[in-house]
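Trainee: I have a structure open and a few things to ask about it. Can we go through it together?
Mentor: Go ahead.

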Amino acid sequence: MATALSFAQTTLFSKTSPSLRTACLRSFTFCLPFSSSSTALSSDKLHNKKWRQPVASVLELGGVKIAKDDVLRDDPTNNVPDTIFAKLGLQLHRRDQHPLGILKNAIYEYFDTNYSNQFDKFDDLRPIVSVKENFDDVLVPADHVSRSYNDTYYIDSQTVLRCHTSAHQAEILRRGHTHFLVTGDVYRRDSIDSTHYPVFHQMEGVRVFSPQDWEASGTDGTSYAAGDLKKCLEGLARHLFGSVEMRWVDTYFPFTNPSFELEIFFQEKWLEVLGCGVTEQEILRRSGKTDNVAWAFGLGLERLAMVLFDIPDIRLFWSTDERFTSQFSSGQLGIKFKPFSKYPPCYKDVSFWINESFTENNLCEVVREVAGDLAEEVQLIDNFTNKKGMTSHCYRIAYRSMERSLTDDEINKLQASITARRCG
């Protein structure tokens, strides 16, 4: 059984001699570069097609069908695995009895009540967007790290799975909407732990003002919008969390100026709730609104739902186990999750030589593609550089199911599949 897979049965490189470390590296060396370059991604994709699990060939989203070929293309820049394509049609935020749907609807209730249904709502927009929509239209700099293949899922060099709901902001503004909320699943290549997942859900809010809105106030448009923004979001925080202490922190975002983060003091610690700010004038100008000012905010639904519902692991949001799903009801915000079991983790270590193009996100993609949601955490526990200047990393992989105990044989097969991704 899984309990037999203890630390004592794994090779703890941090406690071994250099000679033993070298011997272990020989048996677990990865020759794949885990590179962030498009060329390496193509090589990785072609080498590892045999590891992909079959998924449906067509998904339907908001009445629009998305074919597998729309996402998993034979393109050298494509780095989207089957496991990500399979998530596109699930739309957890549209399920009224799911914690994310419950939270979304609670936010809708706040805006409908306080703004007389002024805010238009979009929650089924297609997650396939252009690089221009995802980055350029919201003024993300050309050299920003989020544009890299290491951070973003590229369908081809000009098309991505949206990294944020802001990817729809410019289009909606051009269509004439001045008050709107956009909710959707967003995709980022990321680390593996209890709070990070390659698919999560965001909500974007935008409000546009005309000169007559602020002229009577005796303040300039930027100050007026910033004041209205803070009043709105403080009210939202009270609606979700009750009477809590709050504070505003100045920050930086490419698409707003000034920019803020709202923090609340909740459960004896400060918690970041959302990021926001006054929309950059260039975004409004490009959308044909040269005389206006606007504010915008963005929040992560999982981040808030984990706090409000006491959900300890982000993977649980994707569980279909009735012991999880039956605990939540439509309209019941903040019902505390009751753990139905705490199955033991299984630990395995893997080490390999790295080159200068190695990235941890690409390693995590390999682990996710093989182990799926059984991978609970991937953690760097040791690194070593020999006299020739070659560097090795040792990572500890924690496997744990949310729903059952894992067996030795099952975990050994997963680990063998991961370590088999090497040359030869």
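Trainee: How do the residues of the lining of the second largest pocket divide into nonpolar, polar and charged?
Mentor: This is a predicted model, to begin with. In it, the lining of the second largest pocket divides into 14 nonpolar, five polar and 11 charged residues.

Trainee: And what volume does that pocket have?
Mentor: The second largest pocket has a volume of about 560 Å³.

Trainee: Which residues lie nearest its centre?
Mentor: Lys87, Tyr197, Gly372, Asp373 and Leu374 lie nearest the centre, out of 30 lining residues.

Trainee: Which elements give two or more residues to that lining?
Mentor: Helix H4 (82-85), H13 and strand S14 (375-385) do. The largest share comes from H13, with four residues.

Trainee: Staying with H13, at what angle does it cross H14?
Mentor: Roughly 140 degrees. Helix H13 covers residues 360-371 and helix H14 covers residues 408-419, and their axes come within 10 Å. That angle makes H13 oblique to H14.

Trainee: Is the crossing left-handed or right-handed?
Mentor: H13 passes H14 in a right-handed crossing.

Trainee: Which residues meet there?
Mentor: From H13, Val367, Val370 and Ala371; from H14, Leu414, Ser417 and Ile418. By class, the contact of H13 with H14 has five nonpolar residues, one polar and no charged.

Trainee: How is H5 placed against H11, then?
Mentor: The axes of H5 and helix H11 (residues 301-308) come within 10 Å and cross at roughly 100 degrees. So H5 is roughly perpendicular to H11.

Trainee: What makes that contact?
Mentor: Leu100, Leu103 and Ile107 of H5 and Leu301, Glu302, Leu304, Ala305 and Leu308 of H11. The contact of H5 with H11 has seven nonpolar residues, no polar ones and one charged.

Trainee: Now the backbone. What is the peptide bond from Asn257 to Pro258, cis or trans?
Mentor: The bond is cis, with omega near 5 degrees. Most peptide bonds are trans. Pro258 is found in strand S10 (residues 256-266).

Trainee: What about the phi of Asn117?
Mentor: Asn117 has a positive phi of about 60 degrees, although it is not a glycine. Most residues other than glycine have a negative phi.

Trainee: Where is Asn117 found?
Mentor: In the loop between H5 and strand S3 (120-122).

Trainee: Last topic, cavities. How many of 30 Å³ or more does the structure hold?
Mentor: Two. The second largest cavity has a volume of about 30 Å³.

Trainee: What lines the second largest cavity?
Mentor: Ser166, Gln169, Glu204, Phe255, Thr256, Thr279, Ile283 and Ala296. That lining divides into three nonpolar, four polar and one charged.

Notes. Residues are numbered from 1 along each chain as its sequence is written. This is a predicted model: local features need pLDDT of at least 70, side-chain atom pairs count only at pLDDT 80 or more; totals for chains, interfaces and linings use all residues. Side-chain values use heavy atoms; hydrogens and water are left out. Axes are lines fitted to C-alpha atoms, for helices over the stretch in contact, and angles run from 0 to 180 degrees between N-to-C directions. Angles under 35 degrees count as roughly parallel, over 145 as roughly antiparallel, 65 to 115 as roughly perpendicular and the rest as oblique. A crossing is left-handed if the near helix is turned anticlockwise from the far one by less than a right angle, and right-handed if clockwise. Contact means heavy atoms within 4.5 Å. Ala, Val, Leu, Ile, Met, Phe, Trp, Tyr, Cys and Pro count as nonpolar, Asp, Glu, Lys and Arg as charged, and the others, Gly among them, as polar. On a 1 Å grid over the protein atoms alone, a cavity is a set of points where a 1.4 Å probe fits but cannot get out, and a pocket is an open set with protein on both sides within 12 Å along at least five of seven lines; lining residues have an atom within 4 Å of a point. Grid points are joined across faces, edges and corners, and a volume is the space filled by probe spheres set on the points.
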